[in-house]
Amino acid sequence: MIEFWLIPVVMMLVIVGLFPPIAGYIVLVERKVLADMQVRLGPMRVGPHGLLQPLADALKLLLKEDIIPRDSDKGIFYVAPILSMFTAFVAFGVVPFSEQFRIADVNVGLLVISALGSVGILGIVLGGWSSNSHYPLLGALRSSAQLVSYELAMGLGLVCGVMSAGTLSMVQIVRNQQTQGVWYVFDNWGAMAPAFLIFFIAAVAETNRSPFDLPEAESELVAGFHTEYSGFRWALYMLAEYGNIFVVSAVSVTLFWGGWLRPFPSVGWLEVPLNYGVPFLLFAGPGIASIVLLAPKLKYAPHRYGMLVVGGALTLVGAILLIPAVNAVAAAPFWFLLKVAFFLYVMIWFRGTFPRYRYDQLMDIGWKVLIPLGLGTIALNAVVGMI
Amino acid sequence: MTLEAFFFYAFTTLALGGATLAITRRSAVHAAISLMVSLLGVAGLYLLLNAEFLFVSQIILYIGGILLLFLFVIMLVNLDAGRGLRQFHQRWPLGAAVTAIAGVAFAILWSRAKLPPSQTMPDVGNVELVADTLLQDYLVPFEVVSLLLLVAVVGSVLLARKRA
Amino acid sequence: MNPAAFYPTATDYLRFLPELILTIGGVLLLVLEALTGDNKDKSSLGYLAIAVVLGAMFAVPVALANPGTSFNGMIVSDGFAAFFRMVTLLVGLFTLLCSTSYLSREKANTGEFYLLVLFSLAGQGIMAASNELIMVFLGLEIASISSYVLAGFLRDDKRGSEAALKYFLLGSFATAFLLYGISWIYGVTGATNLVAIRESLAAGTSGNSMAVAAAALMLIGLAFKVSAAPFQAWAPDVYQGAPAPVSGFLSAGPKAAAFAIFLRIFQTSFESFSSRYEPVLWILALATMLVGNFSALWQSNVKRMLAYSSIAHAGYVLVAVTTNSNVGTAAAMFYLAAYALMNFGAFAAVTHLAGRGESHVTIDDLKGLASKQPVVAGLLTVCLLSLTGVPLTAGFFGKFYIFKAAIDNHLYWLSALGLLNSAIAAYYYLRILAAMYMHEPKTTDHPEPVPGGIQLTMWFSAAGILTLGVFPGLVLDYANRFATFVK
């Protein structure tokens with residue numbers, strides 16, 4: 001009887017407690033990846049290879065002065081970032097990390113995420129408006145128009161997935177992929193792949209990520225809707241943004257990429273090599289590599305020892321995952337998080353690759369390309385799925 | 001008070017309070033936010049009735065769609081110009097009187113009414129029930145709604161497009 | 001888990017055929033309009049729309065030949081529905097005939113006009129044939145939203161835009177009342193099907209007093225739509241500001257359809273407490289007649305005068321509704337058909353006479369019309385005489401049957417007051433006749449030729465008025481046969 005509430009409660013505490021530092025590290029990864037794409041090194045000073053940079057950033061944001069513009073609409077100004085972050089975090093509640101690790105299995109889970117996303121937009125719009133300043137207002141305007149437009153396309157992509165799954169419950173969607181023995185992105189003889197692409201493009205726009213980051217376009221609008229925010233309120237917006245990109249990646253994974261299932265979930269003999277081999281290689285490989293290759297090159301002694309500790313820890317995690325009892329529980333969330341991490345990487349990759357769209361291009365893509373394509377994809381999948 | 005009763009009154013308060021604020025606030029954005037609170041209250045009532053599909057649809061459509069467009073329009077117009085204007089509806093006493101009379105009339109009728117026994121939702125998937133009802137029993141209204149929306153789209157484009 | 005699976009059959013579609021044709025035709029026009037260039041002449045689309053309406057008219061007997069409910073009780077195809085479908089389609093046909101020349105005169109020749117008329121007709125057809133409150137609401141909204149846009153179709157015209165806005169705001173307000181009533185009815189009876197509501201109320205298992213409140217709310221909503229006093233305030237402004245063919249359309253088509261659902265709902269679902277709403281209808285009918293006729297007396301603008309006259313005529317029909325009997329229903333049906341002919345005939349004449357920009361719409365502008373354009377004046381005279389209720393016209397028999405039904409149902413006072421009202425009404429119709437025949441023309445400029453569509457409309461309505469004035473049985477027998485509802 002204890003298990004009924006224990007896991008959800010622990011999960012909640014873990015997510016609320018751990019996601020902020022994780023978001024910090026996603027930022028670090030983002031900076032590092034972008035730096036690598038631009039042949040730079042990225043943050044290197046705080047900790048070995050900048051590994052402690054997120055902590056420094058968090059400390060800075062906490063200690064910064066909380067500036068509230070005099071003519072702002074104070075009540076709304078206070079609440080807006082909280083609204084954004086609140087909705088982003090609540091969305092985690094219906095994301096299943098694995099069969100055991102989930103908070104709630106809601107009958108309409110997918111729609112709940114959609115609904116929370118649409119309420120979260122209000123945080124951006126109201127924040128931009130309440131600042132009583134030009135750039136934030138423009139950012140808020142752009143954001144409301146953009147999000148309303150792309151929500152439709154995203155919904156059309158989701159409908160395709162739901163047609164294959166026959167349910168809106170996030171857990172049941174994954175279970176159905178297990179019984180049908182296929183990740184839905186490969187379903188219907190490939191007809192689902194465009195549905196996923198439409199969904200993902202719209203999801204990138206929904207989360208205000210580049211190349212659709214017009215609400216905060218720094219080269220035109222200073223910082224868009226959060227220009228007037230500083231200190232920890234600004235950090236709340238950042239948290240919300242990274243929470244949202246985590247959630248949309250999780251939805252992509254759950255609906256299209258098999259959730260917590262390993263690749264080839266119906267091929268039995270692959271279980272051992274995949275469930276044991278991949279985690280071990282992924283953790284121990286970089287761990288050993290950082291001990292052998294990275295650490296010796298660092299001149300500054302604390303950094304060198306730090307790197308050794310990090311490498312050791314990674315190797316240790318890889319080793320722990322080889323214990324059968326641990327592996328049985330951890331393999332599913334491992335696959336889930338690995339896929340989510342892949343999509344987070346793709347979003348960073350987009351940012352490093354694509355130039356930002358102009359506003360009219362953005363609207364054209366939403367209304368004239370994605371929505372007709374989405375409707376076509378639904379029709380195609382409806383027909384192919386019936387065969 | 002049971003938990004259900006507590007939530008019922010909480011959501012009702014949200015719905016009614018939000019609605020009242022929506023028509024009394026001077027600032028258009030505050031009114032829109034109050035409306036959002038009211039709509040959330042209604043959504044909560046749907047949830048209490050085990051109609052979770054309706055609950056989520058209400059939030060997606062009204063808050064994520066309609067209210068957001070309200071805010072979009074409000075931000076486009078110059079609010080400062082409106083703030084200085086005298087409110088032209090000066091008939092609060094009349095409105096209050098009519099509301100009170102209608103309320104009393106409804107209360108009297110309500111007290112005399114024989115209401116059908118309340119029904120509980122069968123515990124099958126709410127989405128499935130909605131789908132079955134919508135695409136079988138109410139197939140024609142469901143299709144006719146699309147005609148209604150088409151007319152609305154054509155009409156609004158026609159009235160709003162640039163003058164030739 | 002599955003409720004009794006429902007699959008539409010071919011008969012279901014046949015019973016819904018007129019609306020299907022209108023909808024498909026409208027969508028086809030929408031596509032064609034988008035494909036033809038912006039500067040092309042769009043009147044060919046108007047002819048196509050006329051063909052669609054004619055096709056729908058041929059589909060009405062097909063629907064009638066398959067009586068019964070279709071699509072799980074959503075739509076009912078009976079004689080009553082067929083009658084009102086035919087009336088609204090006739091009005092739509094007139095509108096389209098008059099509007100091709102009107103639109104090119106006003107330099108607004110865009111194809112959307114025609115498809116909005118078609119969609120509005122589809123909505124009215126749904127209203128006429130609906131057997132379910134949800135369908136009533138949808139039909140009403142489709143018809144109304146098309147009408148709002150049609151009223152403001154000439155966007156550069158300030159009065160037209162004002163008309164559209166007023167119509168939209170008040171119409172939406174009225175719809176809200178109707179919808180609130182519908183939701184109450186669903187709450188107390190658990191049904192939206194008209195027959196099911198009736199059964200639930202008759203069985204006495206549901207809250208009767210709340211059903212009365214719901215009926216009152218729906219009455220308010222419908223009274224708005226038929227422009228009954230005290231909910232008539234929008235009509236004069238809208239009819240005056242809207243383009244003349246649209247005013248004719250609004251005053252005859254949607255009104256007839258609104259009366260159709262009025263009759264159907266109140267005589268099917270709410271019959272069990274008819275004694276409780278009869279006094280309300282009594283007052284409503286009298287007030288509507290009085291307000292319409294007395295306001296019309298002072299008008300100098302012909303369109304505005306016809307608007308008030310249309311309110312007054314709604315009052316006469318309400319007298320028939322008040323009787324709550326099959327005879328009354330038949331009288332209302334006959335009257336609405338006759339009214340569609342005579343009122344649209346008058347509006348067709350106004351459409352032509354108003355001239356570019358509708359600048360000649362006062363009674364003064366009609367002075368000496370008889371000597372300038374004797375044919376137009378003659379045809380308008382027939383319509384006006386019929387609106388007055390002179391014998392040998394359809395209007396006479398319309399009023400005759402209504403007041404006969406009222407007297408049969410012991411509504412003596414209402415009949416007496418109604419007759420008095422029609423005497424008052426004679427004054428303002430005769431004013432126009434006097435202006436046309438007894439005055440010299442103000443100007444001597446050569447009159448413009450009457451466009452073919454308007455000519456056709458006027459000849460047709462005059463012929464119809466006179467035919468019904470001599471042989472009322474042609475329509476009345478039909479109305480009498482089908483004035484009962486499936487219960």
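Is the crossing of α7(A) and α13(A) left-handed or right-handed? Let's look at that helix pair, then turn to the place where the two chains touch. Please keep in mind that this is a predicted model.

## A helix pair in chain A

The crossing of α7(A) and α13(A) is left-handed. Helix α7 covers residues 192-206 of chain A, and helix α13 covers residues 359-386 of chain A. Their axes come within 9 Å and cross at roughly 150°. Angles over 145 degrees count as roughly antiparallel, and α7(A) and α13(A) are therefore roughly antiparallel to each other.

By residue type, the contact of α7(A) with α13(A) divides into 8 nonpolar, 3 polar and no charged residues.

## Where chain A meets chain B

Between the chains, 20 residues of chain A are in contact with 17 residues of chain B. On the chain A side, α4 (109-130) and α5 (134-165) each supply at least two of the residues that touch chain B. The largest share of that side, 10 residues, comes from α4(A).

What kinds of residues make up the side of chain A that touches chain B? They divide into 15 nonpolar, 4 polar and 1 charged.

## The domains of chain B

Chain B is divided into domain 1, residues 1-80, and domain 2, residues 125-164. Taken over C-alpha atoms, the centres of domain 1 and domain 2 of chain B are separated by 23 Å.

Notes. Residues are numbered from 1 along each chain as its sequence is written. Chains are lettered from A and ligands numbered from 1 in the order in which they are written. This is a predicted model: local features need pLDDT of at least 70, side-chain atom pairs count only at pLDDT 80 or more; totals for chains, interfaces and linings use all residues. Two residues are in contact if their C-beta atoms, placed from the backbone, lie within 7 Å. Helices (H or I, at least four residues) and strands (E, at least two) are DSSP runs, numbered from the N terminus. Ala, Val, Leu, Ile, Met, Phe, Trp, Tyr, Cys and Pro count as nonpolar, Asp, Glu, Lys and Arg as charged, and the others, Gly among them, as polar. Axes are lines fitted to C-alpha atoms, for helices over the stretch in contact, and angles run from 0 to 180 degrees between N-to-C directions. Angles under 35 degrees count as roughly parallel, over 145 as roughly antiparallel, 65 to 115 as roughly perpendicular and the rest as oblique. A crossing is left-handed if the near helix is turned anticlockwise from the far one by less than a right angle, and right-handed if clockwise. Domain bounds come from an automatic or database domain assignment.
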